[in-house]
Amino acid sequence: MGKHRVMISCDEATRLLSDALDRPLGAGERTVLRMHTWLCSGCRQFGAQVGFIRQAMRGFADRRDGEDDGPDERNPPSAR
Amino acid sequence: MPAPLSAPANVPEPEPAPDSLTDAGFVASLRQQMVKFARLHLGDSHLAEDAVQEALIGAWSGGKRFAGRSAFKTWVFAILKHKVADLLRHKQRVVDAGSLLKEGEAQSLDDFFDDKGHWLQEAQPAAWLCPEASLAQQQFWAVLEVCLDGMPAAQARVFMMREFMDFETDEICATVGISNSNFFVMMHRARLRLRECLDQRWFAKEA
């Protein structure tokens with residue numbers, strides 16, 4: 001973000017919100033982003049929701065990974 | 001004290017849910033999903049089939065006990081994920097970096113923003129109610145899968161490497177053969193698209 005603009009548009013703001021999940025933002029980027037999301041509820045929601053998507057993808061990746069023995073113990077040995 | 005040997009003490013260990021895991025239909029559909037996933041990343045059917053085969057064998061011979069189908073599925077996918085990641089790291093893909101970019105480029109942001117870069121009215125995100133609660137719902141995961149399936153292949157590949165396989169940014173760029181700035185562009189588009197899909201197919205319906 002070479003030029004020192006105070007206001008960025010929503011496409012730029014969502015881009016920064018996305019970038020923030022993959023790289024650390026610079027101080028200037030953080031400032032303009034904070035300013036934008038303060039005023040723009042759409043981008044505020046976007047930020048929260050892509051954060052949730054990351055959380056969901058993590059869950060997708062290791063869903064029930066630590067599968068502790070489930071409660072349904074079918075086939076008790078006595079049944080034979 | 002009763003004689004310890006008088007009773008036949010061979011209470012069998014509970015079997016690892018053999019009935020459900022060897023069910024042909026379940027295995028076939030699981031296998032299909034795995035091949036699809038592996039092929040997306042490896043871009044090569046033979047490699048994909050091999051990786052899936054190994055993952056399945058590995059899962060079955062591991063001697064691990066599974067509480068049910070979804071636990072088993074999670075486990076084989078974890079194995080497959082590692083295999084694919086390994087193959088990707090060792091096999092520099094010279095192939096289709098060019099076509100990857102074109103596909104990424106073609107996905108413009110016009111569906112989301114007007115020419116000033118503001119949200120189009122129908123695209124502007126509204127709040128999701130209690131999204132965390134969705135994570136406990138089986139149906140949510142099915143919708144997420146549909147949305148991931150609907151992404152353009154190149155986007156899906158980069159997005160999955162990042163969010164599912166947990167690669168670092170630099171690693172993805174090197175493996176796929178794209179620049180950092182292209183990577184960020186693709187992730188931005190992927191997230192816009194996936195967010196919109198979840199919004200329409202899940203959160204809008206819920207409300």
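Colleague: How should low values be treated?

Modeller: Where pLDDT is low, the predicted coordinates should not be read in detail.

Colleague: What are the conventions here?

Modeller: Residues are numbered from 1 along each chain as its sequence is written, while chains are lettered from A and ligands numbered from 1 in the order in which they are written. As the model is predicted, local features need pLDDT of at least 70 and side-chain atom pairs count only at pLDDT 80 or more, whereas totals for chains, interfaces and linings use all residues.

Colleague: What are the mean pLDDT values of chain B and chain A?

Modeller: Chain B has a mean of 79, with 78% of its residues at 70 or more. For chain A the mean is 78, and 69% of its residues reach 70 or more. The model scores ipTM 0.77 and pTM 0.71.

Colleague: Turning to domains, how is chain B divided?

Modeller: The assignment, which is automatic or from a database, gives domain 1 (15–91) and domain 2 (96–207) of chain B. Six residues of domain 1 of chain B are in contact with five residues of domain 2 of chain B.

Colleague: Which helix gives the most to that side of domain 1 of chain B?

Modeller: H4(B) does, with four residues. Helix H2 (24–42) and helix H4 (69–90) of chain B each supply at least two residues of the side that touches domain 2 of chain B.

Colleague: Tell me about H2(B). Which of its residues are buried?

Modeller: Met34(B), Phe37(B), Ala38(B), His41(B) and Leu42(B) are buried, that is, 20 or more other C-beta atoms lie within 10 Å of their own; exposed means 12 or fewer, and partly exposed lies in between, with C-beta atoms placed from the backbone. They cover an arc (of the directions from the helix axis to the C-beta atoms) of only 115 degrees, which puts them on the same side of H2(B).

Colleague: And what do they pack against?

Modeller: The buried residues of H2(B) pack against helix H3 (45–61), H4 and helix H8 (153–163) of chain B. The face turned away from the buried side of H2(B) carries exposed residues, including Ala24(B), Gln32(B) and Lys36(B).

Colleague: What about H3(B)?

Modeller: Ala48(B), Ala51(B), Val52(B) and Ala55(B) are buried in H3(B). Those residues fall within an arc of 100 degrees seen down the axis, so they line one face of the helix. The buried residues of H3(B) pack against H2 and H4 of chain B, and the face turned away from them carries the exposed His46(B), Ile57(B) and Ser61(B).

Colleague: Lastly, where is Cys130(B)?

Modeller: Cys130(B) is in the loop between H5 and helix H6 (131–134) of chain B. Cys130(B) has a positive phi of about 50 degrees although it is not a glycine. Cys130(B) is exposed, with 9 other C-beta atoms within 10 Å.

Technical notes:
Two residues are in contact if their C-beta atoms, placed from the backbone, lie within 7 Å. pLDDT is the predictor's confidence in each residue, from 0 to 100.
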